[in-house]
Amino acid sequence: SGALLPIQRAFDLGPAQEEMVVSSTILAAFISSFVGGSINSSFGRRKAALSAAAVFTFGSIILAVAWSYQTLIIGRLVVGVGIGIASLTAPVYISEIAMPESRGKLVTVNALLVCIGQFSAGMVDGLFDQVSDEWGWRFMLGLAALPSVAMFIGFMKLPESPRWLVAAGRSGEALDVLRSFRDSDRVANEELAEILENVGVTDDLGGSSSHLSVISGESSGGGLAQLSSSSSSKENVCKKISHMLADQGTRSALKLGCGLMVLQQLSGVNTIMYYAASIYQMSEYDEVTSIWLSGFTALAQVVGVLFSIYLVEKAGRRILILTSLALVTMSLFGLGTSFYYARISSEKVISSTDMCGSQSAIMWSGITSFCYDCVAIDGCGFCGGSCVTGDETGPFEEDSCPASGNEWIYSACENKYGWVSVLFMILYLLSFGIGMGGLPWTLTSEIYPLQHRSLALSFSTSTNWICNLVVSASFLTISSAAVLTIYGAFFLYGSIALVGFIWLYQSLPETKGKSLEEIEALFHRDEDFLAHPEHTKNLMAALATQQG
């Protein structure tokens with residue numbers, strides 16, 4: 001957000017090019033998040049995270065040295081590839097390695113760190129815009145390589161996900177990982193047995209003894225899991241998708257997961273994050289102030305996510321998401337109302353030239369009635385009640401202003417409601433952080449069955465990015481006076497959030513304190529889930545006997 005204004009100035013970008021700079025990263029993230037499911041499934045969560053960090057670092061270097069609009073887009077595309085893979089991999093890795101009672105909190109910490117990164121980026125933007133308004137943006141973008149390098153180094157020291165190891169037929173290694181992350185060997189053994197049953201490794205009672213050897217510390221050589229992994233690698237993508245969609249429980253989980261991601265994006269969060277500085281300029285703040293405000297506004301979401309981390313295992317996912325969405329809806333309508341009053345409270349236009357007298361519009365008359373309407377027309381400015389042609393320096397005709405001494409207004413009119421817009425933007429991000437910021441990622445990392453988790457997560461993550469792309473690539477267009485206007489755009493996002501609240505109130509289950517396998521059962525009919533429950537019963541009984 002903060003870098004967009006100096007980039008626009010450096011490359012003389014138009015609105016369509018600004019939207020391309022933002023949306024190119026999102027498009028790449030969408031594509032890579034969809035492909036990332038196969039990367040996660042084939043190579044593991046750890047290698048996927050390492051590749052994401054390496055790609056992001058390379059992209060940041062390209063952005064730091066970009067010499068043209070085209071190279072800027074290339075750098076943004078490369079960065080987007082890294083973002084897409086990381087956004088898919090990090091939540092599922094955390095959810096698969098965490099204990100049930102801390103899983104929600106840890107996945108939400110991931111969202112918190114994203115918000116802290118956004119706030120830190122805003123502070124860096126403000127500092128470098130002060131240092132140099134010509135090349136400061138290069139540091140704003142290039143320094144993004146530092147956290148990706150830290151991520152790469154960190155993942156070099158982390159183990160693979162135990163659930164991925166089981167699915168790959170490496171149950172012995174999975175047990176080693178579980179033992180290093182659980183309170184006791186007994187807890188690790190029980191969790192491994194539950195994972196094995198969940199992925200269908202135990203296909204008959206005779207299978208129990210072979211898996212007990214794994215739990216004792218001996219490798220089973222992969223067994224049926226390895227055969228399953230080998231055969232699944234030969235399936236084409238269409239067959240994998242068909243198999244996933246044929247499962248009733250996975251379909252139900254996908255509806256919820258993809259619906260949450262659609263709602264998260266279409267409620268307008270990234271119009272605030274990507275265009276915060278531009279929105280503040282619309283509220284009549286200068287460029288430097290707008291950049292600093294956009295950075296500090298991101299801090300509100302950090303505070304909201306901190307509340308979410310504290311409450312997620314106490315209040316639960318459902319109540320936090322519904323509370324968050326209700327407050328988000330109110331904030332969006334408040335934000336739209338503040339911009340509407342900014343328009344009708346600006347000075348009235350008494351006279352205007354032909355060019356400045358009206359503009360094409362869909363949602364309103366298009367007649368220039370206020371200073372707000374006048375400065376929205378390219379090549380027009382306001383002076384002493386008149387809307388006339390001109391540029392930044394003044395009107396083209398010296399006698400255009402009715403009286404001498406009148407201020408020439410070309411970019412933004414006086415807005416006594418600007419503070420209201422700031423207030424509702426802060427309230428919006430605070431409310432969003434409480435639930436809708438991180439918990440959709442928490443839920444989508446929990447609700448999919450292991451055998452379809454990578455592919456299903458790629459579906460919901462790519463849904464998030466494609467909706468992100470639609471919103472970010474269209475905001476400057478739909479918020480223009482010719483389409484919905486800025487207040488109409490926020491009323492639209494508020495209406496979507498309201499509809500989403502009603503839907504989630506009826507369909508969102510609570511997953512607090514449940515294991516991943518228990519959560520899977522919430523989305524299956526009783527007759528579909530664990531068709532042979534005696535397998536788990538006998539396996540656990542045999543395990544208890546051996547430990548005794």
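Start by selecting Asp373, which is buried, with a relative accessible area of 2%; buried means under 20% relative accessible area, exposed over 50% and partly exposed in between, using a 1.4 Å probe and protein chains only. Before moving on, note that this is a predicted model, in which local features need pLDDT of at least 70, side-chain atom pairs count only at pLDDT 80 or more, and totals for chains, interfaces and linings use all residues. Residues are numbered from 1 along each chain as its sequence is written, and side-chain values use heavy atoms, leaving out hydrogens and water.

**Salt bridges**

The term stands for a side-chain nitrogen of Lys or Arg within 4 Å of a carboxyl oxygen of Asp or Glu. Helices here are DSSP runs (H or I, at least four residues), numbered from the N terminus. Arg343 counts as buried too, at 11% relative accessibility.

For another setting, select Arg186 and Glu190, whose closest N and O atoms are 3.0 Å apart in a salt bridge. Both lie in helix H10 (residues 185–198), four residues apart, or about one turn of the helix. An α-helix has 3.6 residues a turn, so residues three or four places apart point the same way. Arg186 is partly exposed at 46% relative accessibility, and Glu190 is partly exposed at 30%.

**Aromatic rings**

How many aromatic pairs does the count come to? There are eleven, where rings of Phe, Tyr and Trp (its six-membered ring) pair if their centres lie within 6.5 Å; planes under 30 degrees apart count as stacked, over 60 as edge-to-face and the rest as tilted. Select Tyr93 and Phe155: their ring centres are 5.3 Å apart and their planes at 65 degrees, so the pair is edge-to-face. Tyr93 sits in helix H4 (residues 69–97) and Phe155 in helix H7 (residues 145–156), 62 residues apart. Both Tyr93 and Phe155 are buried. Then display Phe339, Phe475, Phe490 and Tyr493, a cluster linked by ring pairs.

Two charged side chains are also worth a look. Lys314 lies over the face of Tyr310, at 5.2 Å from the ring centre, and the charged end of Arg318 sits over the ring of Tyr505, 5.3 Å from its centre. For this, NZ of Lys or CZ of Arg must be within 6 Å of the ring centre and within 35 degrees of the ring normal.

Select residues 418–434, helix H19. Twelve of the 17 residues of H19 are buried, so the helix is largely enclosed by the rest of the structure. Among the buried residues are Phe424, Met425 and Tyr428.

Finish at Thr485, found in helix H22 (residues 485–507). Although Thr485 is not a glycine, it has a positive phi of about 75 degrees. Most residues other than glycine have a negative phi. At 5% relative accessibility, Thr485 counts as buried.

Terms used. Helices (H or I, at least four residues) and strands (E, at least two) are DSSP runs, numbered from the N terminus. The expected span of a helix is 1.5 Å times one less than its number of residues.
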